[in-house]
Amino acid sequence: MMMTAVKSAERIRAVVTIHKRDMRLALFGPALHVVTTLSILIAVVIIRNYLNYIKANGIYPMPDLFSFPFRWAIIATGVYLAFSTVVTISRERESGTMELLFYGPVDHVSYVFGKYMAQVTLYLMILALYTVCFLTLSWMARIQLSASFFIMILLSVFTGSYLIAIGIFVSSVSRSVRNATLVFLGIVMGALLIQGIQSWLSNIAPESDYYNPVLLLQQVVSWIQVTLTWLSPFSYLNHGVDEMLRGNMKAFVGTIALAISFCLIFLASSVLGLKFRGVRQ
Amino acid sequence: MRKIIGALLVLGICSVICGAAVGMVYAQSSDEKREEFVYGVNAFNGSLYHGTFYPPSVDTLYLLADEINIVSPRKTLLYYWPVTNEYKADWDTLSENVEGVLEIISQGQMIASLQPKDYVIQYPKGITRGDPQIFLGDDAQTKYEQWSDELQAYRFAVAAYYEASRIFTVTLDDKIEAGTITSADDVLVSAPDRPAEFVYSSTKVYRGMPVTLSSGNYEIRLRNGEGEIVENSVKKLVVFQRDRVGVGYTVIPEDKWTTPEDTQRPDEIVYVRSNNVLYLEPYFESEYNEQYFVHLEAPQAPRFGNAGWLWVKEGKFVPNDLQISRGKMWLRAVSFEDYMVRQIPGKALGYEILEWQEGISQGMRERSPDFSAFRLVVDHQIQDIALYLVGDNDVAVGGSSRTLDAVREFGSGELWLPALLPVAVGLAIVGTRRYSLRRYRAVITEASTEQ
Amino acid sequence: MIQTRNLTKTYPEVEAVKDVTLNVRKGEVYGFLGPNGAGKSTTIAMLLGLEKPTSGELSLFGYHLDRNYFDIKSAIGVVGERPFFFDEMTAWEFLEFHADLYMVESKIHRIWQLLEHVGLSDYAHMRPSDYSRGMRQKLSFVRALLHSPDLLILDEPVSGLDPHGIRQIRELIEEQKKAGTTIFISSHVLSEIERTADRIAIMHKGRLLVEDDLDGLRYSVDQSTHVQIEVTRIPDALSDALSAVPHVKEYCIQGLQIEISLDGTADYRAEVSSVITATGTTIIGMQTRKASLEETFMTFTDENVVGISQAGET
């Protein structure tokens, strides 16, 4: 038990040290700030469009004027952080700095969790920044932020963390920066494409007299779509927000629980993936 | 090895896509009509009976729980209509009942065996007002005959009216010509009254199986007289119920009454422009599983992956006053009134909305209200206002509350200011870092030069 | 300090390390040699836990790495074959990061002390990417020494350095050796190993051929003692006299220099000197030359020398 406690303490120390380093490196680079600025700018464009519509038409009923712009901003930021994790870990392996870390008291678990905690902390900091921006927008437009908005912030912590865990997993099992980037972009584009393909295929009325490959393709795409719905952090965010707005707190808590579960699964898989792929070039 | 797998994968995907394309082209180019077994369904959708059919390509029926729905096994000619990507039925050429018993199976056990019955669907208040009534068996015939008699009586009344109007007009013309017209001949008083519009609507008497089930998943099949299952008659049946009930509003801005907006979700906020007048028309609504409801009304509609929930209008009603509050502070109540829209004379093409009063005429007829609603004046003080209805027991009607928020006017550049915050934070952090690095380097260079 | 038994690492297409049994003692400098592709880096990777052995046993400080991972890693300092740094960090930040990782006490003082010692204190707030090769190597050393490790593993520590840099690194190694640190060096620069190592192991094609001190290695390759004698004149009887000496394996006369290979089992130089002076000449100088490490290494790794290789296996 003593040995386990010592091991945990060492691990925590490694996690904290890696976490601090990664945060500093991310904050000192311009990319993160460019992404946050662009995200807020696009959110403002969306809000302006809404307000212009209200001005022109007099009314606009919707769940929350700030909900979609905020969702856009946090999804864009979450995707960026996940992507930057994908690139960072692969690059560390390629450049040898991962090997350097493993010379010391760093194991696979502490490495993965250190990286994860750094990105999640950055995400929380950005979330706080966005909250301030939206509070300012709310004050300027004289529109109250609803309780559901703040609940969405809470939900986005879990879905954002889940997205980051996926990024870590992709990077841990990829051979190189190029492979990791292609796989991550492939996953994101594939998820979007599947929806489009399903929509296209659904418009084909299938024959029933004889076997038709369209039926098989429809079924396969449908299964993939259902799987993606279960796995995609974006669908968790949308689903969670919808259930919260419907007042179905049980489903809302269930969404959070599932997001946490999948996050842990991906993190555990990342540790295994890292062990399998190795830390050397 | 990886290259081989990759190549096989690409080949597989291309084959399937080509097959899909061929199938799509074939399906779209085939215009032949085929005799097929279908289920004709009159499904209750919460407010009306919606008639549709399920071709063999659709494997699942959708019906509302605890309502009488009619399922009619029929034979017809089916053809593919590429314009709307669906199969159409040529009922005019072939519409034949398929005799048999409809079996309903739940969890492997047969729970019902339904015989076909006569049925008729009627709308005593008119089809647009909902509230249908369905009659089965002998009642169907009786009710249909009753409707036929009333329709006939109306036709006679209309004919009598036209005749009376003709006589009145001729008489009036004669009196005018003769110069003998008196105040007793006032058109508005002495002209014959047109019979009230006949809104009572009815279908013919048809034959089908009435299906009333509680929510769940079932299977149906038709067994013919020989005891065999009719081909293409086995289908899944999803019976679903409404999830929530509530009150929706049609919100009509005074300056754009022809383009109202609907607010159906109770969690919605109605954002409004300041200095405006709104009219709110309430109606009952229910929430359903979107996938199920869409396919109840359109069986051949494409399936969608991320189905959510759908609010469906179900009928208007006359409510109590609309309550307005902010937080826990009650502000006032607004009464439900009738309104009419009056065109402003002249070439401006404007209109005004006025409170309807009895006795106002338009042409030869008395003017009836154009709509009934709550009138709400929106000024700049309207912020985070809650609207809700109360029932007769003074309890808020569930699902009737909405938040109203007036948006203020602002300058074109103001809203961009918050976007400067991330810029400022970024510049501060990155700038400080770069400055400190440069400063150290300068110090070192200076020290080296001195040495 | 480090013990392996039949350590093996097999990849799908190659057997990188086969049945390597080595023993590094506490406080010694252990040279680990081998040509390119011999399996040195793979062996080091297994020692550090970066690669999992296919079979065999491995222990550091008497403990299994998996069971005492953090304790063992905290006591090891590593200078890798290539110096790796985090591009966006200055040297100071880089060292501070590692000091935090190893929980170095009084880290500021320790970092400053080491930087001054290697002459990098003026460049602490520059990025390592702006450093020269030698400076980067020294910085790697500083990083490895921050936590005063009990075991230093150095993989090609002087590779790519100029003579001045090599000397600085050698001094650092000798300092650590005096401090009692066990040092495991893998290197191609045989002259440096020859100067610093207490014991040497030679790897070839994944196998450990030999593990011994330098004299032992030389002896196993060449049991002769080579003597170089300078005389005043070469008498005619000299050749016959030398041929008659039973312990003279071979000799070569070049001008006034006589190169003699003597039986190395005992010291026969006095006997040979007597024989030479008896021919009427005078010895004005005598040097004994031992086989260099390079010669020893080349002999061991020469594919034609099958017997020695086989001896190494047993």
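Q: How many Å separate the centres of domain 1 of chain C and domain 2 of chain C?
A: Taken over C-alpha atoms, the centres of domain 1 of chain C and domain 2 of chain C are separated by 41 Å, and that value comes from a predicted model.

Q: And where do those two domains run in chain C?
A: Domain 1 of chain C is made of 2–75 + 149–218, while domain 2 of chain C covers 223–289.

Q: What box do the C-alpha atoms of chain C fill?
A: Taken along the principal axes, the C-alpha atoms of chain C fill a box of roughly 75 × 45 × 30 Å.

Q: What's the secondary structure of chain C, then?
A: Chain C has 12 helices and 14 strands, and buried residues make up 38% of its 314 residues.

Q: Which share of its contacts join residues at least 24 apart?
A: In chain C the share is 70%, counted among contacts between residues at least 6 apart in sequence.

Q: What does its C-alpha trace span?
A: Along its principal axes, the C-alpha trace of chain A spans about 65 × 65 × 40 Å.

Q: What about burial and contacts in chain A?
A: Of the 281 residues in chain A, 46% are buried, and residues 24 or more positions apart account for 81% of the contacts in chain A with a separation of 6 or more.

Notes: Residues are numbered from 1 along each chain as its sequence is written. Chains are lettered from A and ligands numbered from 1 in the order in which they are written. This is a predicted model: local features need pLDDT of at least 70, side-chain atom pairs count only at pLDDT 80 or more; totals for chains, interfaces and linings use all residues. A residue is buried if 20 or more other C-beta atoms lie within 10 Å of its own, exposed if 12 or fewer, and partly exposed in between; C-beta atoms are placed from the backbone. Two residues are in contact if their C-beta atoms, placed from the backbone, lie within 7 Å. Helices (H or I, at least four residues) and strands (E, at least two) are DSSP runs, numbered from the N terminus. Domain bounds come from an automatic or database domain assignment.
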